[in-house]
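Q: Hi! Could you walk me through this one while I have it open?

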Amino acid sequence: MTGNKMVMTDLLKPEEIKKALDAFTAETFDPKKFFEMVGMKAMSAENVKKVFQVLDVDGSGFIEEEELKFVLKGFSKDGRDLTDAETKAFLTAADKDGDGKIGIDEFEALVHE
């Protein structure tokens, strides 16, 4: 047991995660569509921020480009790596202040956009 660090299945249903991951195995990853499919769009801002904290592997308060590539693994160990193009598109969609990484408020805004 790792302290009080939450895991994604504390927040989201495993079957919805699987369905969303399956939808993007061969298709270009679309973060907004993915977040909707896993049920995040319907979540409170507070819970979306908890998801962010699970994805923020190094605990920096940001999801950097390197972490973003592996973001689907944060949802499930079976998640695929994003391609460089997908990673860049995801970053561009979420990084409103242009600092090259996604902050917790930017993440929540993207989910609820």
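**Chat about the chain**

A: Happy to. Let's begin with D56, which is buried at 6% relative accessible area (buried means under 20% relative accessible area, exposed over 50% and partly exposed in between, with a 1.4 Å probe and protein chains only). A caution: this is a predicted model, where local features need pLDDT of at least 70 and side-chain atom pairs count only at pLDDT 80 or more, while totals for chains, interfaces and linings use all residues. Residues are numbered from 1 along each chain as its sequence is written, and side-chain values use heavy atoms, leaving out hydrogens and water.

Q: Where is D56 found, and what does D56 touch?
A: D56 lies in the loop between α4 and β1. Setting aside residues up to four places away in sequence, D56 touches K5, G61, F62, I63 and E67 (contact means heavy atoms within 4.5 Å).

Q: How many helices and strands does the chain have?
A: The chain has 8 helices and 2 strands, in the order α-α-α-α-β-α-α-α-β-α along the sequence. Helices (H or I, at least four residues) and strands (E, at least two) are DSSP runs, numbered from the N terminus.

Q: Back to α4 then. Which of the α4 residues are buried?
A: In α4, residues 45-55, the buried ones are V48, V51, F52, V54 and L55. Looking down the axis of α4, these fall within an arc of 160 degrees, so they line one face of the helix. The arc is that of the directions from the helix axis to the C-beta atoms.

Q: And what covers them?
A: The cover for the buried residues of α4 includes α1, β1 (62-64), α5 (65-69), α6, β2 (101-103) and α8 (104-112).

Q: Why would residues three or four places apart point the same way?
A: An α-helix has 3.6 residues a turn, so residues at that spacing point the same way.

Q: Moving on, where is F29, and which residues is F29 in contact with?
A: F29 is in the loop between α2 and α3 and is buried, at 5% relative accessible area. Leaving aside neighbours within four places in sequence, F29 contacts F24, F34, L72, R80, L82, E86 and F90. The C-alpha atoms of F29 and L72, which are 43 residues apart along the chain, are separated by 9.8 Å.

Q: Now the whole chain: how much of the chain is buried?
A: Of the 113 residues in the chain, 38% are buried. Among contacts between residues at least 6 apart in sequence, 55% join residues at least 24 apart.

Q: And what does the C-alpha trace span?
A: Along its principal axes, the C-alpha trace spans about 35 × 30 × 25 Å.
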